[in-house]
Amino acid sequence: MIYLHIPFCKQKCSYCNFHFSTSLKQKDEMISAIKKEIFLRKEELENKTLSSLYFGGGTPSILSVDEIKSLIDEILKYFDFEKNIEITLEANPDDLDKNFLKDLAKTEINRLSIGTQSFFEEDLKLMNRAHNASEAESSIKRAQDFGFENLSIDLIYGSPTSNFEIWKENLQKTIELQVPHVSSYALTIEPKTALNAWIKKNKIAEPKETEQNKEFYYMSDFLKDNGFIHYEISNFAKKDFESKHNSAYWKYKEYLGIGPSAHSYNGRNERSWNVANNTIYIKNLAENILPKETEKLSEKDQYNEMLMIGLRTIWGVDLEKLHEKFSGEILEIFKNRIQSKLEEGILVIEENHLKIPEKHWFLADGIASDLFIL
């Protein structure tokens with residue numbers, strides 16, 4: 001599978017610390033550089049038949065449909081697509097007008113991940129989103145009108161401008177709009193963001209973990225009652241609408257990340273990442289230099305990652321794979337560390353998979369980190 005990072009946005013959201021630029025001056029050069037990187041790295045994936053292709057960012061929908069199509073065509077020069085390939089485009093609601101969707105429906109894109117975040121104006125203003133509440137709803141309906149049934153929306157809970165009743169209405173609106181996939185995250189305060197600065201200056205209140213905890217478990221129960229599968233801590237899907245792309249990450253499959261700041265993994269013991277600087281990225285590729293760094297993952301690194309990723313999912317950690325992959329010393333530490341948590345019911349073993357019961361999922365990252373070997 002391949003991930004393409006499109007590092008451009010119209011404006012900077014107040015909570016975001018991803019790599020992107022609000023200037024489109026380098027857009028043409030960036031597209032050329034991405035195509036060059038695809039060519040230079042075409043041999044890195046063992047499997048030349050792709051099960052998923054993902055346009056992320058940034059805001060990939062800031063590109064024209066012709067530019068999106070040209071990137072797909074470039075990939076098709078070196079890779080084949082599975083018959084049921086999932087090709088996702090992350091999109092902002094304000095980009096999804098009729099003309100864009102009409103043309104997009106003629107391409108291979110068959111899944112949209114829409115950055116809705118909230119259906120309420122005050123939330124969107126706090127987040128400095130480029131769309132308004134009306135566009136949040138109308139963009140979904142328009143996408144459906146143009147035949148995009150495989151839709152995911154992002155929702156953020158625990159915002160200082162929100163409350164429990166507003167959160168319930170956001171979820172109810174999601175059901176009414178018949179969206180089959182939801183990715184939902186607690187608002188977190190990242191360094192070097194506007195939100196962080198506002199909190200330090202006491203302009204807004206800091207999100208309350210107790211409220212976020214309450215909203216998380218309400219969301220889980222509500223969406224499951226409405227036919228969703230809670231298959232990863234932050235992800236919910238109707239049957240057969242799970243994200244193929246993200247599920248492959250969580251199952252430790254190999255992937256190739258193209259574009260500035262994109263990460264790659266060879267499925268075994270090697271991870272790489274591209275420079276998070278548009279100018280350097282473009283310059284290096286113009287000189288046929290790959291702008292990436294690579295690290296070999298130690299046995300401890302691989303063990304820690306397997307636990308961190310697996311314990312966030314409904315599938316858990318495959319104990320057979322764990323025992324095949326790691327040495328006796330690591331397995332002995334693992335066995336000792338899980339014992340007390342098994343006795344407490346914080347961890348369970350079901351069908352030879354180690355899992356966190358869903359009632360403890362909000363604390364999953366902390367539970368997994370207790371098992372890490374440093």
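This is a predicted model: local features need pLDDT of at least 70, side-chain atom pairs count only at pLDDT 80 or more; totals for chains, interfaces and linings use all residues.

User: How many helices and strands does the protein have?

Analyst: There are 14 helices and 15 strands.

User: How do I read the radius of gyration against the chain length of 374 residues?

Analyst: Compare the value with that of a compact globule. For 374 residues, such a globule would come near 21 Å; the protein has 21 Å, so the two agree.

User: How many residues are in contact between domain 1 and domain 2, and what area is buried?

Analyst: Take the contacts, then the area. Domain 1 brings 17 residues into contact with 11 residues of domain 2. About 1200 Å² is buried between the two domains, and carbon and sulfur atoms give 62% of that area.

User: Which polar links does the rule find across the interface of domain 1 and domain 2?

Analyst: Count charged pairs separately. The rule finds 2 salt bridges across this interface. It also finds 10 residue pairs in polar contact there, with both residues at pLDDT 80 or more.

User: Which elements of domain 1 give two or more residues to the side that touches domain 2?

Analyst: They are α8 (209–225), β7 (229–232) and α9 (244–250). Helix α8 supplies the largest share, 7 residues. By residue class, this side of domain 1 divides into 8 nonpolar, 6 polar and 3 charged.

User: What do the side chains of glutamate 232 and arginine 312 form?

Analyst: They meet in a salt bridge, at 2.9 Å from N to O.

User: Now the backbone. What kind of peptide bond joins glycine 57 and glycine 58?

Analyst: Start from the general rule: most peptide bonds are trans. The bond between glycine 57 and glycine 58 is cis, with omega about 25 degrees. Glycine 58 sits in the loop between β2 (49–57) and α2 (65–76).

User: Is phi of glutamine 117 positive or negative?

Analyst: Again, the general idea comes before the case. Most residues other than glycine have a negative phi. Glutamine 117 has a positive phi, near 70 degrees. Its place is in strand β4, residues 111–117.

Notes:
Residues are numbered from 1 along each chain as its sequence is written. Side-chain values use heavy atoms; hydrogens and water are left out. Contact means heavy atoms within 4.5 Å. Buried area is the accessible area (1.4 Å probe) that two parts lose on being put together, summed over both. A salt bridge is a side-chain nitrogen of Lys or Arg within 4 Å of a carboxyl oxygen of Asp or Glu. A polar contact is a pair of N or O atoms within 3.5 Å; within protein, one must be able to donate a hydrogen and the other to accept it, and residues adjacent in sequence count only if both atoms are side-chain atoms. Helices (H or I, at least four residues) and strands (E, at least two) are DSSP runs, numbered from the N terminus. Ala, Val, Leu, Ile, Met, Phe, Trp, Tyr, Cys and Pro count as nonpolar, Asp, Glu, Lys and Arg as charged, and the others, Gly among them, as polar. The radius of gyration is taken over C-alpha atoms; the globule rule is 2.2 Å times the number of residues to the power 0.38.
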